[in-house]
Structures are given as C-alpha cells and as structure tokens.
Amino acid sequence: MAKGKPSKSATVKSNAFKIAVIPGDGIGNEVVPEGIRVLEAVGRRFDIAFEWTHFDWSCERFKKKGAMMPEDGLDRLKEFDAIYLGAVGFPGVPDHVSLWGLLIPIRRGFQQYINLRPVRLFEGLASPLAGRKPGDIDYYIVRENSEGEYSSVGGRMYAGTENEIAVQQAMFSKRGCDRVMRYAFDLSMSRKRREVVSATKSNGISISMPYWDERFADIAKEYPKVKTSQFHIDILTAHLVRNPHWFDVIVGSNLFGDILSDLGPATTGTIAIAPGANINPEKDYPSMFEPVHGSAPDIAGKGIANPIGQIWSGAMMLDHLGHRQAGAAIVSAIEVLLAEHDVRTPDMGGKASCKDLGKALAELVKG
Ligand code: GGG
C-alpha cells in the first residue's frame with residue numbers, strides 16, 4: 001500500500017459494495033484483516049462482492065503528519081457504502097486528540113447519531129457472573145452518538161493560575177433525544193419482549209437529565225405497546241451485574257451508553273467479542289462499523305487479539321447494507337465456533353491466534 005494513499009483490492013465487480021477500511025491503531029491492524037477474511041467468505045456464499053479501499057489514518061499518521069486524517073477525509077469517505085473501522089488511540093498521542101481527530105468527526109460529519117451495541121452471552125463462554133447461562137444476557141444498548149456529554153462547547157479560563165477553570169457544556173437537543181429514543185422504541189417493537197429502559201441521572205444532573213426523562217416519557221406515548229422503565233445510571237450498573245435478564249433494549253446518552261456498553265460485554269466473558277454500529281438511519285451518509293474494544297496496546301503486535309468483535313461488526317454492516325441472511329450466517333458461525341469448537345484466543349482462555357479464529361470462522365460461514 002502506498003503510504004497515505006488509499007489502496008484498492010485488485011479485482012472489482014461493478015455491483016460490489018464500496019467499503020472504506022480504516023484499521024487505525026494497535027490491534028485494529030490485526031482484527032480488521034480477519035473481519036475482511038470472514039466477509040469475503042460469506043460474500044462468496046451469498047454472492048455479495050466487496051471493493052475494499054484501505055486508509056492508513058491512525059496515530060502513526062498523526063506522529064508523521066500532525067493529523068489523524070487528511071483535511072478532506074470526510075469528502076473522501078462520503079462516496080463509500082460503509083466504513084469498516086478497527087480501533088483508535090495509541091500511547092504517544094493523547095486519547096482526546098486521536099478520538100476527536102478521527103472517530104468523532106466521522107460520527108458527527110456523517111450524522112451517525114445511533115451507536116448500536118448488542119450484548120449477548122454465548123454458549124461456550126463463561127460469564128464472570130455466577131450461574132448465568134445463554135439467554136440470561138441478551139440485550140441492546142442504543143447509545144446517543146452525536147451530542148450529550150461528548151460536546152465541543154467549552155474551554156479554559158485563567159489557564160495556568162490558581163483560578164484556572166475548565167468548562168465543558170453537555171448538549172441535549174429535542175431532536176437528538178427524540179430520534180435516538182424513537183430508534184430504541186422501533187428496535188424494541190421488532191423484539192419479543194417490547195421493553196425499553198432509559199438510563200438517566202435526573203436526581204443529580206438536575207437540568208439536562210429531567211429533560212431527557214421528559215423526552216423519554218413523551219416518545220413512549222407513541223409506542224403504547226412497549227413497556228418502559230428508567231433507572232439512574234448508578235443503580236443501573238448494579239442491575240446489569242445482578243439482574244442482566246431484566247434488560248432487552250436500553251437507551252442512554254453518549255457517555256452513559258459508552259460506559260454501559262463496556263460493562264455489558266464484560267459480563268458476557270470478554271469485551272473483545274462486542275460489536276458496534278455507528279448508524280445514519282436515513283442512509284444520507286455511510287455508516288461505520290467497529291468493535292467496542294479499543295486498540296489494546298498491551299497485546300498489539302502479538303497476534304493474539306480476539307477478532308470476534310470486529311467480525312460481528314461486519315455482520316452488522318451486512319444487515320445495514322440489506323443482507324440480513326449473510327449477517328445472520330456470520331453470527332451463527334460465531335455461535336457454532338464458541339459452542340462446538342475449542343479455538344480460543346487467550347482472553348477466552350485458549351492459545352489460538354487472531355488468524356486461527358478468523359480462519360475458523362471463514363470456514364464455518366461457508367455453510
Ligand atoms: N474500536 C473503537 C475504538 O477504538 N474506540 C476507542 C474509544 O475509546 N472509543 C470511545 C467511544 O466510542 O466514544
């Protein structure tokens with residue numbers, strides 16, 4: 001690949017999905033190729049073609065060129081059908097610089113205001129929670145992905161003095177709350193239980209969170225068949241540990257959703273299997289698919305990262321592109337691998353490599 005220039009796969013069908021690939025940092029570079037391996041394999045089965053265009057946008061690029069991506073990065077990405085991203089962040093570049101230099105501009109620029117993160121305990125993986133079996137943990141976190149606590153409004157005053165003040169203004173718009181809540185309700189209508197829980201903190205955060213609750217109550221009226229409840233975020237974290245079977249769809253603000261979607265997967269045995277979709281539901285812009293996990297500098301380069309989160313994110317990408325059967329075939333392959341095979345990376349108690357898992361899943365998706 002020419003440095004800094006996108007590289008395209010060699011053979012391209014005219015009806016191929018155009019996918020922008022950003023492996024990013026650390027283990028992103030190890031798990032993304034396995035995701036592509038599995039997507040290619042499922043594509044052969046279901047007659048779906050992909051045209052992969054790789055971008056080297058990363059902390060490494062930042063160190064060389066002073067920016068995570070080029071100035072016209074979003075213009076370059078907007079022609080793609082979807083973005084397949086690995087991980088962002090590496091020691092040597094402050095985390096807020098790498099996140100706000102790549103991930104956040106893509107989420108915002110492309111109005112990917114939904115961050116959908118499924119949480120599921122698979123047969124064959126041991127939950128750290130005593131006595132939990134598959135079926136007990138199976139819910140979605142719908143995270144608001146464009147505003148809330150992740151705000152760029154603020155600044156510092158009296159910097160470097162004893163009077164130094166840092167302010168960052170959380171933003172909750174009616175449009176922002178309503179659209180993420182409607183998405184959560186629509187999702188719940190497609191599921192058996194039809195229950196939505198709202199993550200709040202309206203006892204302590206006494207302006208924006210009562211507003212969030214008010215919007216939730218209003219939107220709930222549009223969905224009389226859906227059962228609703230709300231929990232303050234502190235007790236909600238306790239319930240996700242003690243009573244995960246209570247939950248089906250949880251809607252939360254940007255920060256609450258982010259925290260819950262690390263906690264949830266941790267209860268399913270390993271956070272490395274958790275996938276994520278940054279969705280622009282209107283399809284005005286490409287959506288972006290990435291695992292919940294980060295770049296894991298401690299194991300990067302060792303070839304032992306678990307690629308399941310990346311591979312499952314690929315299944316979510318197929319769902320979004322209208323190939324639900326192919327997406328479901330990937331999820332079934334993950335189920336079979338975990339239930340019937342002993343190929344496990346170290347985070348799941350085994351000795352297999354990232355490639356071993358990718359190859360095993362590519363074989364299983366052949367059907
Ligand atoms: N694979 C996604 C990734 O690298 N995420 C890094 C991270 O810290 N994300 C924070 C966020 O999703 O807001």
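Which element gives the most to the shell around the ligand? Helix α4 does, with three residues. The legends below start from that shell.

The structure is a predicted model, in which local features need pLDDT of at least 70, side-chain atom pairs count only at pLDDT 80 or more, and totals for chains, interfaces and linings use all residues. Residues are numbered from 1 along each chain as its sequence is written, and side-chain values use heavy atoms, with hydrogens and water left out.

**View 1. The shell around the ligand.** The ligand is surrounded by 14 residues, where a residue is near a molecule if one of its heavy atoms lies within 4 Å of it. Gly86, Val88, Glu290, Pro291 and His293 are the closest. By class, six residues of the shell are nonpolar, three are polar and five are charged. In this grouping Ala, Val, Leu, Ile, Met, Phe, Trp, Tyr, Cys and Pro count as nonpolar, Asp, Glu, Lys and Arg as charged, and the others, Gly among them, as polar. Domain 1 (1-113 + 280-367) and domain 2 (116-153 + 169-271) both give residues to the shell, so the ligand lies between them. The domain bounds come from an automatic or database domain assignment.

View 2. An oxygen atom of the ligand lies 3.5 Å from a polar side-chain atom of Arg117. On the backbone side, a polar atom of Pro291 is 2.8 Å from a nitrogen atom of the ligand, and a polar backbone atom of His293 is 2.7 Å from a nitrogen atom of the ligand. Taken alone, the ligand exposes 360 Å², of which the protein buries 86%. These areas come from the Shrake-Rupley method with a 1.4 Å probe; for residues, only the protein chains shown count as cover. Strand β4 (82-87), helix α4 (95-109) and strand β13 (287-291) are the elements that give two or more residues to the shell. Helices (H or I, at least four residues) and strands (E, at least two) are DSSP runs, numbered from the N terminus.

**View 3. The salt bridge between Asp258 and Arg117.** A salt bridge is a side-chain nitrogen of Lys or Arg within 4 Å of a carboxyl oxygen of Asp or Glu. By this rule the count comes to 19. In one of these pairs, Asp258 is joined to Arg117, with the closest N and O atoms 3.1 Å apart. The pair links distant parts of the chain: Asp258 is in helix α8 (residues 254-266) and Arg117 in strand β5 (residues 114-120), 141 residues apart. Buried means under 20% relative accessible area, exposed over 50%, and partly exposed in between (1.4 Å probe, protein chains only). Arg117 is buried, at 4%, whereas Asp258 is partly exposed, at 23%.

View 4. The side chains of Arg193 and Glu195 form a salt bridge, 3.3 Å from N to O. Arg193 is partly exposed, with 35% relative accessibility, and Glu195 is partly exposed as well, at 22%. Arg194 lies in the loop between α5 (174-189) and β9 (195-200). Phi of Arg194 is near 50°, a positive value in a residue other than glycine. Arg194 is partly exposed, with a relative accessible area of 29%.

**View 5. Further salt bridges.** Glu363 and Lys366 meet through their side chains in a salt bridge of 3.2 Å, N to O.

**View 6. The loop between α3 and β4.** Glu79 is in the loop between α3 (73-77) and β4, and Asp81 is found in the loop between α3 and β4. Glu79 is exposed, at 52% relative accessible area, while Asp81 is partly exposed, at 32%. Between the C-alpha atoms of Asp81 and Phe50, 31 residues apart in sequence, the distance is 10.0 Å.

**View 7. Arg107 in helix α4.** Arg107 belongs to helix α4. Its relative accessible area is 4%, so Arg107 is buried.

Methods:
Polar contact = N/O pair within 3.5 Å; in protein donor to acceptor, adjacent residues only side chain to side chain.
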